[in-house]
Amino acid sequence: ARVRALAHRLRTEHGVQQGDRIAIATRNYPEWVIAFWAAVGTGAVAVPLNAWWTGPELAYGLADSGAVVLVADDERLERIEPHLEGTAVRVTIGVRTDRGEVRWADAVAGEAPPLPEVAIDPEDDATIMYTSGTTGRPKGAVGTHRNFGAFLMNAVYRTVVGTSASDAAAPTPATLLTFPLFHVGGLQSFLLPFTASGGKLVLMYRWDADEAVELVEREQVTTVAGVPTTVFQLLETAAARGVTMSSLAGISSGATLVPPELVRQIDARDLAPGNGYGLTETSGAAVANLGPAYVAKPDSVGLPIAPVIDVRIAGADGEPVGTGDVGEIWLKGPTIVRGYFNLPEETADAFTDGWFHTGDLGRLDDEGFLYVVDRLKDVVIRGGENVYAAEVEAALYEHPGVTEAAIIGVPHDRLGEEVGAVLRVRDGATITEDEVRAWVAQRLAAFKVPSRVWITDRELPRNASGKVLKRELRETLTVAS
């Protein structure tokens, strides 16, 4: 009823037409979900904005997308109000605040007629989701109704394929959402329980491991998905408090490369580990590794989640390379977005005949399992040898004193680059630079051993999707040294 009331008001009072853009900038509140469905239900385009952005960054997203309505909470409105001039925004709707021209309670109150009769084609735009912007300015990836419909059906297919008769009496899914809703992983996490499973979504104001453990117990959460750091913290906190989290059936991790050590820890607790590999441009997970297959191959992100998803490991000429050879990961299928909003050159560079160039390096084994070895820009080239950050990070995560690890390239006058390691130690643990080097040397070739090691007890800088900001680390640490 609230979705219908808001959709009706957007149409009749604020003049929103099919194809208009509606921006949403809030924390993970239930209002976010209502605003999203009201937007796409009217044939408008939902534009989730990064809630971590500053006022000028939010203004950039509004101006770039041409959004005519902004739904925002107090923090976002305070940041953006001085910068609204120069955007196309006609009205601001304030969530849990006295700011904004329209109060949320008024926007969703009153008459709730059926959603407007609009002819929505599968190829019509549904969302503009901005890439995380770890390099350069964020680009608006334009997702269509077909993209999200296909994602949901692919996920249903994958679930059915992996379901046995003994699962028939499984409890109704309850998902603890740790990703922000404006991130494609967060969008997936709300679409799947509601639309595909009729399940429950448990929201958090902000990530807190103690609160997460309590919510899992109280709400009988069955699945949790998050970046590796979040999952490590959840498991460690539950163990320290002696909480079994008995309702949990599985834990998935993604949005960044997952160390095999985390897979082993999840499996050791008799939980089904899972991993989804995808990007904003693929409408989320396009490849997945789940359960026993993931335990058997913990360094692989798995297989395409449905027969309609294709994977290619492309060489410099765009042609497939041999089995086991490393190249750029290309993905193709009905979940691939149609391109970047108003950026024809960038779209042409990133998409070839329906194939999306992920910018990730990977390889396929003889069973078709995909292995992500690194981001193209994260490869450290030491004296002509390629050092894949993910491989070294995985070795470091096996150390009991390490809770976060990031490998960066450090400029070197003769080698070009040398390997640098930035580590966060667990509470109460101690670790030395020499110990770090010896640990890696026992596991990897000598040229992959970090020459420079930085050790901290603080969290490493991350963007809103949980990816470590390696560029920031490089700039800060290499300049400082």
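## Cavity

One cavity of 30 Å³ or more is counted, a cavity being a set of points on a 1 Å grid over the protein atoms alone where a 1.4 Å probe fits but cannot get out. This is a predicted model: local features need pLDDT of at least 70, side-chain atom pairs count only at pLDDT 80 or more, and totals for chains, interfaces and linings use all residues. Residues are numbered from 1 along each chain as its sequence is written, and side-chain values use heavy atoms, without hydrogens or water.

The largest cavity has a volume of about 30 Å³, taken as the space filled by probe spheres set on the points. Its lining (residues with an atom within 4 Å of a point) includes Thr127, Met129, Ala141 and Gly143. Strand 6 (125-130) and strand 7 (140-144) each supply at least two lining residues; strands are DSSP runs of E, at least two residues, and helices runs of H or I, at least four.

## Salt bridges

The structure holds 27 salt bridges, each a side-chain nitrogen of Lys or Arg within 4 Å of a carboxyl oxygen of Asp or Glu. Glutamate 236 and arginine 426 form one at 1.8 Å, N to O. Glutamate 236 lies in helix 9 and arginine 426 in the loop between strand 24 (416-425) and helix 14 (433-441), so the pair ties together parts 190 residues apart in sequence. Glutamate 236 is partly exposed at 29% relative accessibility, whereas arginine 426 is buried at 16%. Buried means under 20% relative accessible area, exposed over 50%, partly exposed in between (1.4 Å probe, protein chains only).

Notes: On a 1 Å grid over the protein atoms alone, a cavity is a set of points where a 1.4 Å probe fits but cannot get out, and a pocket is an open set with protein on both sides within 12 Å along at least five of seven lines; lining residues have an atom within 4 Å of a point.
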